[in-house]
Amino acid sequence: MASLEIAVRGSAHGRCAPERATVSITIAVEGGRRETVFRDAVAVHQPLVDDLAALSEAGAVSNWHSGAVRVYSHRPFDGERQLDRVFTTRIEVSATFVDFESLSDHLDRWAVGDGVEIGGVTWGIAEETHAARMVELRREAIADAVAKATAYAEALGHTEVTAVSVTEPTAEPDSFRPARFSKRAMVASAPEPTLELTPEDVALEVAIDVGFTAGS
C-alpha cells in the first residue's frame, strides 16, 4: 500500500490561577484655568504614587509606572452656543499587584477619590509559570495531533504514522480575564461595604500543526 500524507492540528488548553493583577488608573481633572487644573491633577496624583511606592517596597506591588501626561482644552457646545474653554489634565498610572487583598483595599479607597478613574484590572501569571505550563501544553498538543493522525490512518487502512514536520502557528495572546467587581457585606459595626475582587483563571492555549506519513 502506498504511503499516505496526513496533516493535522493538535491543540491543548489549560487554566492557571492568577498570580498578578495589573490595574490601570487615570487621574482626570477639568476646569476653566489650565494652571489650576494641572496643579489639582498633580495634587491627586502625588498621594497615589506615594501609596504605590510604599506598596512596592512592601512587596505587594511588583512594578508600577506613571509616565503618560496629557494637558489639552476644548470648547463644549450645548446645542445652541459654544461655551467657555475647558482645560483637562490626564495622568496615566499602571501598577501590577501580587497581593490581591492589598489591591482590593486600595482600589476601595482610590475609587472614591475625586479625579480618579479606575480603568480596569487585568489578571496574569508569572513568566516562569507561563513557560512551564506552555511546555506541558505543547506536549499535550503533540499527543492530540498523534491521536488524530493515527485515527485517520487506521480509517484508511494504515497501521503506522511517522511525524515529518511540526509547525506552531503564530500564537494568539493569552486570554486575560477582566476583574469582576462586587460588594462584600461587612459586619454591623462597619456600615460601608468594601470592594471584593473575584479573579477568573488565566486561559492558555496551544495549537501545533504536524505533518505525518502513514505506512502499512
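I began with a definition: patches are made of residues with over 30% relative accessible area and no salt bridge, where like charges are joined within 9 Å and nonpolar side chains (Val, Leu, Ile, Met, Phe, Trp, Tyr) within 5 Å. A salt bridge is a side-chain nitrogen of Lys or Arg within 4 Å of a carboxyl oxygen of Asp or Glu. Accessible areas come from the Shrake-Rupley method with a 1.4 Å probe, and for residues only the protein chains shown count as cover.

I noted that this is a predicted model, in which local features need pLDDT of at least 70 and side-chain atom pairs count only at pLDDT 80 or more, while totals for chains, interfaces and linings use all residues. Residues are numbered from 1 along each chain as its sequence is written, and side-chain values use heavy atoms, without hydrogens and water.

**Surface patch.** I found a nonpolar patch on the surface formed by Phe38, Val42, Val69 and Val71, with about 300 Å² of accessible area together. H1 and strand E3 (61-74) each supply at least two of the patch residues; helices (H or I, at least four residues) and strands (E, at least two) are DSSP runs, numbered from the N terminus.

**Helix pair.** I looked up H1 (residues 34-58) and H2 (residues 100-110), which pack at an angle of about 170° with axes 12 Å apart. H1 is therefore roughly antiparallel to H2 (the term applies to angles over 145 degrees). The axes are lines fitted to C-alpha atoms over the stretch in contact, and angles run from 0 to 180 degrees between N-to-C directions.

**Ala28.** I located Ala28 in strand E2 (residues 20-31). The C-alpha atoms of Ala28 and Val116 are separated by 6.3 Å, although the two are 88 residues apart along the chain.

Terms used: Angles under 35 degrees count as roughly parallel, over 145 as roughly antiparallel, 65 to 115 as roughly perpendicular and the rest as oblique.
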